[in-house]
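Visitor: I have a structure open and would like to talk it through. Could you walk me through it?

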Amino acid sequence: MNDILQLENVTMQFGGVVAVNNLSMHVGEGEIVALIGPNGAGKTTAFNCITGVYEPTNGRILYKGKPVIVNHPSGKMKRNYAGLCANDYAEERVLSPTPDEITKMGIARTFQNIRLFKSMTVFENVLTAMHVRAKANVFSSVFRLSWKEERKMAEDTEKLLAEQGLLAHRDDRATSLPYGLQRRLEIARALATRPSLLLLDEPAAGMNPQETQELAQFIREIKEKYKLTVLMIEHHMDLVMRISDRIYVLDFGSLIAEGTPEEIQNDQRVIDAYLGVAEDV
Amino acid sequence: MNREKRNHLIRLFVAIAAVYLAVIILEMTLRPTSILFTVLRKGAIYSLVAVSMNLLNGFTGLFSLGQAGFMLLGAYTYAIFTIPADVKASDRVYRYYDCIIGFDTGALAGLIAAGLVAALFAFLIGLPVLRLKSDYLAIATLGFAEIIRAIFQWDVLGPVTNGANLLREYKDLSRITLPFTDIPFPPTLFVFIVAGISILLIVLLINSSYGRAFKAIRDDETAAEAMGINLFRHKELAFVISSFFAGVSGALLAAFQYTVQAQQFESMMTYEILLIVVIGGIGSISGSCIASFLYIALSEWWLRGLDMGKFLGIAAPDLFRSGFRKLVFSVIIMIIVLFFSRGIMGDKELSYARFISWIKGFGKKKKKGAAA
Amino acid sequence: MVEFFHHNLSYFLSGISVGGQYALIAIGYTMVYGILRLINFAHGDVFMCAGLMMVYLSASLPFVISVPLVLVLTVVLGFIIERVAYRPLRSAPRMSVMISAIGVSYLLQNAALYFTGGLAKVYPEIPFLSSSVTIWGATTRVVTIVTPFLTVILVVLLSLLIKHTKIGMAMRAVSRDFETSQLMGIKINRVISITFMIGSLLAAVASFLYFTNYASVTPSSGAMPGLKAFVAAVFGGIGSIPGAVIGAFIIGICENIIKGGASIFGIPGSGWTTFSDAFTFAFLIVVLVVKPTGLFGEKSVDKV
């Protein structure tokens, strides 16, 4: 199995705070991998590094075997750097693509606190995400020379909405949808950019057990249908244990365990991280 | 295309055709010095610049205050391009300087050049500024507008800009002719055609894939970026296009005024345009147009008396003296900004259905009032 | 070198003086931005109004009364503007508040236009400030010498106020985190009102100094100094008071050296004031590109 995503010694330091410390992980093609850990463990920061929102302080990220993000401490950070492997990437060319470039490569994401386009309808939200794959330039777009492409985009959007069961809400304002559907719409919108790798940031947050169960089914379905690889952050352990192939556990920015759901469930360090170590025994 | 949409388009087309027909009829019947023409021409010019500002502030979420500066660039470019070469060589316009621009062009080329020069400057300013938070854009564009106004009056640039003196004898509305003939172009119609085509292009842009990307940036920059929209490139695009049309409207204003001087393009002018956009509704094209005509009609026509000593039959020359109209205006505007911040149209567009329901609602309100 | 310095002393002196005046205005911008994240477009016009008030009041009142009266009235003006135009929009989007600020600016300029009839008003000669003095052979006005000292004294007083008093602590808390400080029981509205009043007071002081030098007030007199003071605030790192002061002095000095430089080197053209204005703008762009956070500004990371 080929790795679609590899993180090598990724460290993210804000001032004196090391939010992600020397994180190395890999995600194989077609896998569902979960990233778990207590609040503030650095999971979302790791996501933000992968998607180009933050520029990691040190380390390398490869996508489909090619380095896409590379950095090493420089300037003021050179003196204050508190992580490891500072010199490993010093010789390499720094790569720091913007989030939209990452999306164009084929990595799409959702957000922990839902970020839909507020003023737009459900249909427009998904249609907007198709813009990234459109080839028309401004002129042909304004003068409608690219109407064929526009029509194709609209048709694809309809199809996607139908598949996600959102077609009934086609012309509703996105923010007027119930919470569960808003999450689903965010996933649909991410799919519209035609990703190979989908990053889900707490997709089950705020859902009840019934909805969570449906979500598990849904994630499996879209993974098969669109031949996706899924990396997700999640707190609902039953969801994580049910659908993940492998799990990484972060605590205070560092990786403390990795393995299959069974291995993780029985890992003493993970239990300690979640429940705290009993000191006075 | 479904029926509803087609009907909407047909109604829109009929309405627009009716407006143009009305302009042609008025132009043939009324005497050319009628105040109505001033209102129509200036209203159309302000519509264009208000819509161009709305493209930035309302649809892309960028707070720019450079409109007057870009209009100035457009006005000067148009004037300098279209002053006939022999006039430039004589001392009729360039009395204190030797004009170094030896060629002249027609009105259409002048208009396009006006837009392009404004767009070029916008591109250059946008490069550093659009990468920053939008507050900085506001102050940088405001600063740019003030500086460009000062620079155009600088005597070192006199051979191009004629220094602080005014430019005239260019292709103003009375000198524009029908193509390949000497027959004068009906002036109001000319303004309406140029402004109309420009606004149409902006509407087409807003409803295209790029327009949706602009709105996505306005709604949520982070999400837009995660959907693969390059923030900088799209902001720059919106900024350059908006400035292009601000330049064109500046050229039209120059043509409308017969003379042009850098002095008039103050920051107050930008403020006025912004306030027109707010009155019309941020994010509504038809709102901007309605507000422009309303604003111009009020200030040039209906409220004139406030400056002239007599208003609604009340004569009070001490109170109603020069400047009172603008004072009343600014108070009205503050009331709108504070209490009716959605403006006339909110972020909706004028449509037949909305118009009908508005009329009905109006009737109901009246009935209710009568009953009470 | 000494010769050169001596020859152009007056340019340096007036540079420092103008810098001090910009600094006093810039503090108003930077404090309001620090707390409300609002560019108070009306601030330059408040400064202009203070100038006009002085013109009208001094016509009928002695300076002993008119000077304090202008200070008080300007403070009241600042308070009213905040109360009427900004407070109702506290929970509105930031763009609405900025538009309201522009509306106020438009209103003040139009009011000034109405009352003055669009004519430039001659600023009264304030005794002592307007008198001439000769330093090292350069003749200048007392105001030029007084300004930097007065500025420094006021800034020190302000820093003491912010560091050591309860209201100062509240200001710092509010600028750090608006919502949390509200939850901690700080009376936000009071803090904001006081911030606007301090800003207006300093603008009024600046108006005495500035217009004594320029001798006339027009409705648009506030625009350029306001813009430059804002550039100074950005340069110093918006939200930082020492930054604004240092930025203002640098801009004031540079601008006067450019004006002086042109005449020294015999470059043709009379509009070098224009060029120095353009310089300020170019300066803003360079600062924004090289160091968007300014000299003393803090970098903030947006939360995703």
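Guide: Gladly, and please keep in mind throughout that this is a predicted model. To begin with chain A, 41% of its 281 residues count as buried.

Visitor: And what is the secondary structure of chain A?

Guide: The secondary structure of chain A comes to 11 helices and 10 strands. The radius of gyration of this chain is 20 Å, close to the 19 Å that the globule rule gives for 281 residues, so chain A is as compact as a globular protein of that length.

Visitor: What does the C-alpha trace of chain A span along its principal axes?

Guide: The span is about 65 × 45 × 35 Å. As for the contacts in chain A with a separation of 6 or more, 69% of them are accounted for by residues 24 or more positions apart.

Visitor: Is helix α1 of chain A buried or exposed?

Guide: Helix α1 of chain A covers residues 43-50, and eight of its eight residues are buried, so the helix is largely enclosed by the rest of the structure. Among the buried residues are K43(A), F47(A), N48(A) and I50(A).

Visitor: What comes just after α1(A)?

Guide: Just after that helix sits G52(A), which takes a positive phi of about 85 degrees.

Visitor: Changing topic, how many residues of chain C are in contact with chain B?

Guide: There are 39 residues of chain C in contact with 40 residues of chain B. On the chain C side, α5, α10 (223-236) and α12 (272-290) each supply at least two residues, and the largest share, 15 residues, comes from α5(C). By class, this side of chain C has 25 nonpolar, 13 polar and one charged residues.

Visitor: Where does α5(C) meet α12 of chain B, residue by residue?

Guide: From α12(B), the residues involved are M268(B), Y271(B), L274(B), L275(B) and V278(B), and they meet I99(C), I102(C), G103(C), S105(C), Y106(C) and Q109(C) in α5(C). Sorted by class, this contact between the two helices has eight nonpolar, three polar and no charged residues.

Technical notes:
Residues numbered from 1 in each chain as written. Chains lettered and ligands numbered in written order. Predicted model: local features only at pLDDT ≥ 70, side-chain atom pairs only at ≥ 80, totals over all residues. Contact = placed C-beta atoms within 7 Å. Helix = DSSP H or I, 4+ residues; strand = E, 2+ residues; numbered from the N terminus. Nonpolar A, V, L, I, M, F, W, Y, C, P; charged D, E, K, R; others polar. Rg over C-alpha atoms; globule rule 2.2 N^0.38 Å. Buried ≥ 20, exposed ≤ 12 C-beta atoms within 10 Å, placed from the backbone.
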